Amino acid sequence: LRGWLKTDANGRYEINTIKPAPYPGGTEPAHIHAMVKAPNQTEAYWLHDFLFKGDPFLTDTYWYHAEMVSGNLRYEGITLKAGSGSVLQGTRNIVLHPHYDRDGQNSGLLVGENCPAFDPTHVWGPDKGSRTCPMCKYGARTGGVMAWLGDDDWANAGKLALFLEKEIQQRGSQRFKGFLIYTNPKNRPKADVEKQLQAFAEQYHLREVSVVHVPSVDDKKTSFLYSINPRSENTIMVYHRRRVAEKFVNFSATEANLQRILAVVNKTMQ
């Protein structure tokens with residue numbers, strides 16, 4: 001009931017097996033468990049199961065649990081089509097999780113992926129004092145920028161914050177949003193984190209930019225769900241109506257790089 005394989009040089013793989021069924025008397029969808037590891041990654045880790053489109057147990061409740069508890073993004077499941085004889089064939093393209101990469105060069109959701117719900121703590125901005133989900137409240141009707149930040153360069157974060165503040169005020173907060181999301185990589189106490197973030201917001205005279213934090217860079221319901229690599233300095237995602245339009249990893253807020261963000265925002269919000 002188990003096996004292992006290596007991909008070829010192009011990352012292709014093939015599994016030949018019987019079609020699984022749900023556990024007897026259970027409510028879990030039919031599945032195949034899988035773990036992966038790449039040579040440039042720190043350890044082997046669980047993928048979300050191989051699941052099959054059309055399974056009656058693939059419900060919204062199931063997917064909600066998968067995202068909020070396991071940190072796995074939903075997908076439709078594998079479509080099985082008739083092949084030769086009685087063999088069914090399906091394809092699953094596996095994207096490795098950058099959280100396990102040995103370096104910090106890859107981080108964040110892929111361009112084109114939908115931004116899932118998450119509940120950060122708002123220290124500053126329009127939703128101060130709440131745990132409002134940015135995507136649930138604003139994502140469907142706005143564009144914006146989410147900057148997932150570590151501890152290394154607050155001056156860089158300040159330049160980005162001033163840029164976002166200006167863009168929100170010019171475009172209007174009903175159309176454009178900006179979120180600075182501190183990932184707490186050192187697992188500092190909540191009181192210390194919030195004191196620092198409030199001082200940061202006051203230092204840069206922020207009004208419209210939301211300054212928020214999540215429990216940790218490993219938190220399954222926030223950072224991990226957004227594929228944030230704990231070894232990256234920062235991960236900037238430009239989104240429009242919940243879909244990632246572009247991302248920048250280890251971003252330096254030079255004038256030229258800020259113009260790159262602006263070009264993406266202008267293109268997506270036409």
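**Notebook: cavities and pockets**

I counted cavities of 30 Å³ or more and got one. I note that the model is a predicted one.

**The cavity**

I looked up the volume of the largest cavity, and the value is about 110 Å³. Next I listed its lining. Leu149, Gly150, Asp151, Asp152, Asp153 and Trp154 are among the lining residues. Asn156, Ala157, Leu160, Glu233 and Asn234 also belong to the lining. I sorted the lining of the largest cavity by class. Four residues are nonpolar, three are polar and four are charged.

**The largest pocket**

I turned to the open spaces. The largest pocket holds about 2,200 Å³ of space. I found 45 residues lining the largest pocket, and the closest to its centre are Leu5, Ile15, Thr17, Ile32 and Phe50. Strand S1 (35–36) and strand S4 (88–89) each give at least two residues to this lining. By class, I noted 26 nonpolar, 12 polar and seven charged residues in the lining of the largest pocket.

**The second largest pocket**

I read off a volume of about 900 Å³ for the second largest pocket. Its lining has 37 residues. Which of them are closest to the centre? I wrote down Leu73, Arg74, Tyr75, Val95 and Glu113. Strand S2 (45–46) and strand S10 (243–249) are the elements that supply two or more residues to the lining of the second largest pocket. Its classes came out as 18 nonpolar, 12 polar and seven charged residues.

Note on methods
Residues are numbered from 1 along each chain as its sequence is written. This is a predicted model: local features need pLDDT of at least 70, side-chain atom pairs count only at pLDDT 80 or more; totals for chains, interfaces and linings use all residues. Side-chain values use heavy atoms; hydrogens and water are left out. On a 1 Å grid over the protein atoms alone, a cavity is a set of points where a 1.4 Å probe fits but cannot get out, and a pocket is an open set with protein on both sides within 12 Å along at least five of seven lines; lining residues have an atom within 4 Å of a point. Grid points are joined across faces, edges and corners, and a volume is the space filled by probe spheres set on the points. Ala, Val, Leu, Ile, Met, Phe, Trp, Tyr, Cys and Pro count as nonpolar, Asp, Glu, Lys and Arg as charged, and the others, Gly among them, as polar. Helices (H or I, at least four residues) and strands (E, at least two) are DSSP runs, numbered from the N terminus.
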